[in-house]
Amino acid sequence: MKLKLRRGSMKTSPTNRSRKLSRGWAYAVPSLLVLCVLVLYPLATLFVQTFLPHLFDVHMSLKPSIEPLIQSFSDKLNYESLVNSFVMGLFASIAATVVGTLTAFGSVRAPSRYQRVLDTLVWVVFFAPSYVIAEGWLQFLQDGGIASQLFGLPNGWAAWFFTKPGLVVLMGLRYFPFVHLAMTPAIKNMGGQFERAARSMGAGKGRVFWRITFPLLAPATLAGASIAFAEGFGDFGFASAIAPTVHIPLLTYQIYSALNQAPVNYAAAGSLSLVLVVVMGAVLWFQMWWLKRRSYTTVSSSTSWNESTRVVKVQWYTTVSFILAGVSVVIPVLSTIATSMWKTGADGIQGANWTLHAYAKVLQTGSDGLASLERSIVYSAVAAVVTMIIALYVSYQLSRRDTLGMRFVNVITMATIAVPGVVLAAGFIFAWNAVWLIPIHLVLYGTSLCLGMAYIAGSLPYAIRLDLGAISQLSPNLMTAAQVLGAKERVVMSRIVLPLIGGTIVSTFFIALTGTMFELPASSLLYPAGEPPFPVEIQQQFNAFNFNVGSAMATIGMLIVFIMYGVGRYVATRMRFVGGARVKKSHLVKQQELITGEETGSPQMAGE
């Protein structure tokens with residue numbers, strides 16, 4: 001007996017499938033449009049220079065050629081810069097991993113009062129701009145510098161600093177916070193049962209660490225080390241401050257030089273940028289491949305850490321951590337502050353040479369320093385607001401729409417994290433100065449709008465990942481229940497999502513705000529003529545040997561950034577909702593009250 005099936009009873013028609021597919025891509029269109037304008041289009045125009053070298057000529061040609069790529073690396077200086085950046089980035093990441101591992105263990109297993117101080121030192125290093133740290137070390141270690149004046153050291157005593165190994169040590173002290181911040185939560189979550197089991201079987205402390213503890217921390221170690229390598233390999237701040245002084249060519253500075261020479265070497269900039277991104281992407285891929293080889297699970301229902309045991313004894317690694325973190329902060333920061341209070345660098349630490357004249361000059365009404373500071377504050381505020389809004393929208397769509405289009409958006413946001421700031425800024429030069437934009441009057445290069453877009457593009461991927469992590473912790477039932485009760489999408493966003501992740505949203509705002517204040521690559525390459533932002537003005541003062549004025553500006557900027565960070569932490573903490581046993585009403589009941597505006601009963605959840 002044959003059964004006749006009605007149309008559409010057991011299969012989906014092609015029309016329905018295409019309608020569902022088109023609806024899925026429709027949800028992704030706004031996010032894709034934003035990412036295309038800010039990220040994909042600039043990067044595409046930059047990388048295509050490698051294979052279409054005459055695309056941006058006045059007489060545009062689509063003839064492909066790999067000659068620019070060959071020429072770029074037949075240049076001895078470009079090749080040397082690539083090797084230097086890779087080798088120094090690799091060894092700097094190793095140094096950063098050693099220091100960051102020590103400070104992470106020193107912080108987690110230290111008395112609480114010491115832990116707070118150590119974590120504060122790490123955060124200061126994390127927020128301080130690379131070029132300010134580099135200039136601080138230069139002021140301390142150069143011939144006739146602060147160390148020579150304090151201790152009567154002869155010229156040449158710190159010649160090691162102006163070599164590749166010396167720079168690797170200083171870069172390791174600059175990038176260790178990435179390892180520290182990655183490993184600290186991993187150490188806290190590891191639990192004590194593994195170490196206790198090994199110790200009960202007679203294993204010593206060293207054997208427990210190398211055979212149990214360190215292998216279990218491999219994911220966090222690799223994450224921190226790969227980020228440290230990416231920062232060292234693609235950092236423009238250290239390169240711009242150190243490369244001209246010590247004559248060690250680095251890749252990011254070569255890209256900058258290619259864009260600032262006359263005529264501009266577009267092909268070299270595109271080729272070097274492509275290599276830079278490929279290397280960084282390969283390192284991050286290696287990290288993910290390595291972690292998939294085995295399980296590193298340490299948190300489960302049986303995980304236990306003896307919270308009642310109060311740490312009262314300071315271990316040796318905590319002492320070493322304080323020394324390393326203190327050296328990485330105190331020397332460059334205090335050197336910068338000291339230099340800012342000198343009349344002249346030649347008289348140094350002599351009593352009559354101390355003054356606040358540089359600060360008065362910077363903050364004088366109508367001065368270039370104050371004008372650049374005001375510009376950067378405006379840029380930072382606008383970029384932070386726009387970044388916060390876009391990141392919230394995109395992350396919400398990513399969490400709610402499991403479609404092919406949104407998966408593509410997710411891949412883009414993860415991939416662009418590996419793009420250094422100098423590469424993204426170079427892409428904006430090509431993208432918004434193209435010859436095909438002239439007839440439609442859309443050449444944005446050299447305008448405040450172009451610079452602001454670059455700031456947003458640099459902060460957006462990180463903000464999206466942070467917001468997505470917070471939204472992913474929300475139960476989908478909360479939003480589903482609201483929609484069942486008749487709430488529209490905007491009501492769900494304003495009444496449920498915003499209150500529950502308000503702390504994270506505020507954090508993304510202040511991260512974008514503080515990050516833009518000292519953003520050097522985009523500022524250097526894209527600022528409007530005659531209107532330099534704050535980091536460009538600082539760098540110009542250092543390049544003009546006005547070290548006291550440049551140091552004063554750097555000190556003022558860091559003070560503003562730390563105040564912003566403190567305000568952000570306070571506001572984020574105040575907005576963070578408390579969960580668990582301290583919640584008096586179920587999340588579902590609270591959201592129903594928010595939606596309907598009516599007070600319901602307050603039934604307690606099981607176990608409350």
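Modeller: In the protein chain, confidence is highest in helix α15 (residues 357–363), at 92, and lowest in helix α26 (residues 587–596), at a mean of 43. The score is pLDDT, the predictor's confidence in each residue, from 0 to 100. Helices here are DSSP runs (H or I, at least four residues), numbered from the N terminus.

Biologist: What does the protein chain average?

Modeller: The protein chain averages a pLDDT of 79, and 83% of the residues score at least 70. This is a predicted model, so local features need pLDDT of at least 70 and side-chain atom pairs count only at pLDDT 80 or more, while totals for chains, interfaces and linings use all residues. Residues are numbered from 1 along each chain as its sequence is written, and side-chain values use heavy atoms, with hydrogens and water left out.

Biologist: Where does pLDDT stay under 50?

Modeller: One such stretch is residues 577–608, for which the model has 37 contacts beyond four places in sequence. Over residues 5–12 pLDDT also stays under 50, and the model has two such contacts there. A contact means heavy atoms within 4.5 Å.

Biologist: Is Ser-523 buried or exposed?

Modeller: Ser-523 is buried, with a relative accessible area of 0%. Its place is in helix α23 (residues 520–526).

Biologist: What does its side chain make a polar contact with?

Modeller: The side chain of Ser-523 makes one with the side chain of Tyr-455, at 2.6 Å. A polar contact is a pair of N or O atoms within 3.5 Å; within protein, one must be able to donate a hydrogen and the other to accept it, and residues adjacent in sequence count only if both atoms are side-chain atoms. A polar atom of the Ser-523 side chain also lies 2.4 Å from the backbone oxygen of Glu-519.

Biologist: Next topic: how many aromatic pairs are there?

Modeller: The count comes to 20 aromatic pairs. Rings of Phe, Tyr and Trp (its six-membered ring) pair if their centres lie within 6.5 Å; planes under 30 degrees apart count as stacked, over 60 as edge-to-face and the rest as tilted. The rings of Phe-236 and Tyr-256 have centres 5.2 Å apart and planes at 55 degrees, so this pair is tilted. Phe-236 and Tyr-256 are both buried.

Biologist: How are the rings of Trp-342 and Trp-354 arranged?

Modeller: Their centres are 6.2 Å apart and their planes are at 80 degrees, so the pair is edge-to-face. Trp-342 is buried, with a relative accessible area of 4%, whereas Trp-354 counts as partly exposed at 38%.

Technical notes:
Helix = DSSP H or I, 4+ residues; strand = E, 2+ residues; numbered from the N terminus. Buried < 20%, exposed > 50% of the residue type's maximum accessible area, 1.4 Å probe, protein only.
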